[in-house]
Amino acid sequence: MRAGPLFRSAAETRSSPVAQAQQRGGAEAGSMSRRALRRLRGEQRGQEPLEPGGLRLGPEGAGEEPGRGRRGLERGGVSNLYELITNEELEDDLGSKEERAESRLNEQDGTGNNEEAETGEPESNGQRAGEDTQQQDQTVTKLQPVSTNKPRKKKKKRKNKRTAAGETPEDDDLEDIDSILEKMEDSSGLSYETKSGVIADSRPLLYVEHRNLNPETELKRYFGARAVLGDQRPRQRQRPYVRSTWLTAPKNTWPRYSKTGIAMRLLETRRGVQHFTFEHHREYQQVQFRFLDAVESLDPNNIVLLLQMNPYHVDSLLQLSEVCRMQEDQEMARDLVERALYSLECAFHPVFSLTSGTCRLDYRRPENRAFYLSLFKHMIFLEKRGCPRTALEFCKLILSLDPENDPLCVLLLIDLLSFRAREYAFLTRMFQEWEGHRNLSQLPNFAFSVPLAYFLLSQQEELSEVELSQARERAAHLLQHALIMFPSVLMPLLDHCSVQPDSRVASHSFFGLQAQISQPPALNQLVSLYVGRTHSLWKDPAIMAWLETNVHEVLRRVDTSEPVVEECAQKRKVRYQSAPRNISRHVLLSELKEATAALPLEVTSQPIMGFDPLPPLDSITSYTRPERTTHPSNESTLSLFFRSLLPNFTLQGEVRQDGDEEAGAGQDLNQGVNRLMAAMRDMLANIQFQEPPRDENPDGDADWD
């Protein structure tokens, strides 16, 4: 065996001045570690030259570093250098040990300098170690060239990974990203307009962000990544391949996804707006027909059987989710809605975008309604789960699919979600941009929520005095106009807030009972919907004091008979004669008892299906359900009556040839009469009359048993 330069240089290294410096440092300091010396020389773990005895083979200590056997591994040592690449916890442990060794080295250097100052030696241990390091670098250069910048970068990386709260590096990185994004786009308060106004104004009003569609992003912002994720992170090696989606994340408990027969097609593009539609293939149409039969059977078990064969049939998932919700199984209902969303998202067109706000879906097509309803139900579950920011993002997504018609009328809900998410600036911006062509002030929720948003913005400390005064004036003006336009809101609102009005307000006829009785039924629906949803926002003492001040100002304006009071009264009589179909559909989906009770009779008298509530009257159908083939019955009324009593009763020769029908008409009639008489005798023979129990002691003197 040839002794190469590796062993010769290693032998020279043992007798080099560096080894002598190590011995002197060990004698002086006593407990100087090899790791600290490596850091002093600028080396890394595994880069030191091998010694002749470093390649020993044996059952114990084979391949181990001298002085680091089993005991070293128990202290956190590494037997395989490649573990340093993936094991982040071990890297943190090593970084902490190296910092402790470095601190001890600094203390030893300080003591050594003091001793040299007393003895008068001109050189310090650091200088001698520096010279030894230069000689060692010249010796080892041929073996393993090492960059001097690399250890510094590694040290900086390790220091960044150390956390003060004891969290893992992955959780800390996730929280750092969320905090950075939150700072970049802080939409709480008026900072949305002042600091990041350029970014917000450059985006469309209904711009949707992908990261805000994930509820875990909002929950991690509230509770931290460790509390949300915990130990539920699946390992990539064990996790099967699933398609990445934005609306919902597939779960391991779901059935394996396969093509369901749903596709999306681009219809046309007009003025930069793309119109899409979902399509049902022939196989999916057959499943849809079987689903309609299962719904008409009024048995949810038939829908369950259908889902076992077709686990991603969207309408079946929505209908069964409604059944689970009625049975108070909210978790299963939410899971079924998420599965329906996943099935629809897997069928998206490659050009269809959730964030651009320029993609449209026509609600008049039955294939598109399932997507609307899935988004709406998922939004309601998110709001109940405590994720209002994510629910607001889904609300904007629903509105962007058809902002002109708004088939589910999410404008009646978007103000509440804006308050829950503290997106006051978004609500005021929407009112400013849409008031001109949509007349948002004619909806009671916008008429009262927008001034409340201005009032909450005026409470922000980041504003100047001029901006504060402008916000207060704007809020007071809009609130007074809302009270004049909708006087029937005040008393139910105070009743829900458990606030007793003063004598002037209670005795005035403008806000009295007459205002509630005289309003049209359509307006009563909107008022009941708004008060039932948002009354908790008005319970704050500062808001209630602000409301009281403006109520007294409105009474003053009413007593002076300002023209605006009479104008608003005429508008109420003309504009709220009947509610549009989308508002009634929204009231049904909202499930508020106060608003549902105010629905008209033409809505409540027809059957309401959970998978398609109140379909549009001008629907665009691409395929129709085939009619059932039923043979016309020629039986008489008496035979039908006996068949209802005796299901086994049938007339022989019910289906006959057309040629023989007239020939045997008389004979069949006689046979039919005979069978009817036989059936009647059979029925009368089976009737038994039960005698009433006799009372042996009519006087009732007997004792109780």
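Reader: Before we start, which residues count as nonpolar, and which as charged or polar?
Author: Ala, Val, Leu, Ile, Met, Phe, Trp, Tyr, Cys and Pro count as nonpolar, Asp, Glu, Lys and Arg count as charged, and the others, Gly among them, count as polar. Please note also that this is a predicted model.

Reader: What is the volume of the second largest cavity?
Author: The volume of the second largest cavity is about 150 Å³.

Reader: And which residues line the second largest cavity?
Author: The lining consists of Ser-321, Glu-322, Arg-325, Val-337, Phe-376, Lys-377, Ile-380, Phe-381, Lys-384, Leu-589 and Glu-591. By class, five of these residues are nonpolar, one is polar and five are charged.

Reader: Which helix gives the largest share of that lining?
Author: Helix α18 does, with five residues. Both α16 (314–326) and α18 (366–385) supply at least two residues of the lining.

Reader: Let us turn to helix packing. How are two packed helices described?
Author: They are described by the angle between their axes and by the distance between the axes.

Reader: Then what are the values for α22 and α27?
Author: Helix α22 (residues 444–458) packs against helix α27 (residues 521–534) at an angle of about 40°, and their axes are 9 Å apart. That angle makes α22 oblique to α27. On the side of α22, the contact is made by Pro-444, Asn-445, Phe-448 and Ser-449, and on the side of α27 by Leu-523, Leu-526, Val-527 and Tyr-530. Six residues of this contact are nonpolar, two are polar and none is charged.

Reader: How does α27 pack with α30?
Author: The angle between α27 and helix α30 (residues 581–590) is about 35°, with the axes 11 Å apart. The crossing of α27 past α30 is left-handed. Here Gln-525, Leu-526, Leu-529 and Arg-533 of α27 meet Ile-583, Ser-584, His-586, Val-587 and Ser-590 of α30. This contact has four nonpolar residues, four polar residues and one charged residue.

Reader: One more pair: at what angle do α12 and α19 pack?
Author: Helix α12 (residues 215–223) and helix α19 (residues 388–401) pack at about 155°, and 8 Å separates their axes. The two helices are therefore roughly antiparallel to each other.

Reader: Is the crossing left-handed or right-handed, and which residues meet?
Author: α12 passes α19 in a right-handed crossing. Pro-215, Glu-218 and Tyr-222 of α12 meet Pro-388, Arg-389 and Thr-390 of α19. Three residues of that contact are nonpolar, one is polar and two are charged.

Methods:
Residues are numbered from 1 along each chain as its sequence is written. This is a predicted model: local features need pLDDT of at least 70, side-chain atom pairs count only at pLDDT 80 or more; totals for chains, interfaces and linings use all residues. Side-chain values use heavy atoms; hydrogens and water are left out. On a 1 Å grid over the protein atoms alone, a cavity is a set of points where a 1.4 Å probe fits but cannot get out, and a pocket is an open set with protein on both sides within 12 Å along at least five of seven lines; lining residues have an atom within 4 Å of a point. Grid points are joined across faces, edges and corners, and a volume is the space filled by probe spheres set on the points. Helices (H or I, at least four residues) and strands (E, at least two) are DSSP runs, numbered from the N terminus. Axes are lines fitted to C-alpha atoms, for helices over the stretch in contact, and angles run from 0 to 180 degrees between N-to-C directions. Angles under 35 degrees count as roughly parallel, over 145 as roughly antiparallel, 65 to 115 as roughly perpendicular and the rest as oblique. Contact means heavy atoms within 4.5 Å. A crossing is left-handed if the near helix is turned anticlockwise from the far one by less than a right angle, and right-handed if clockwise.
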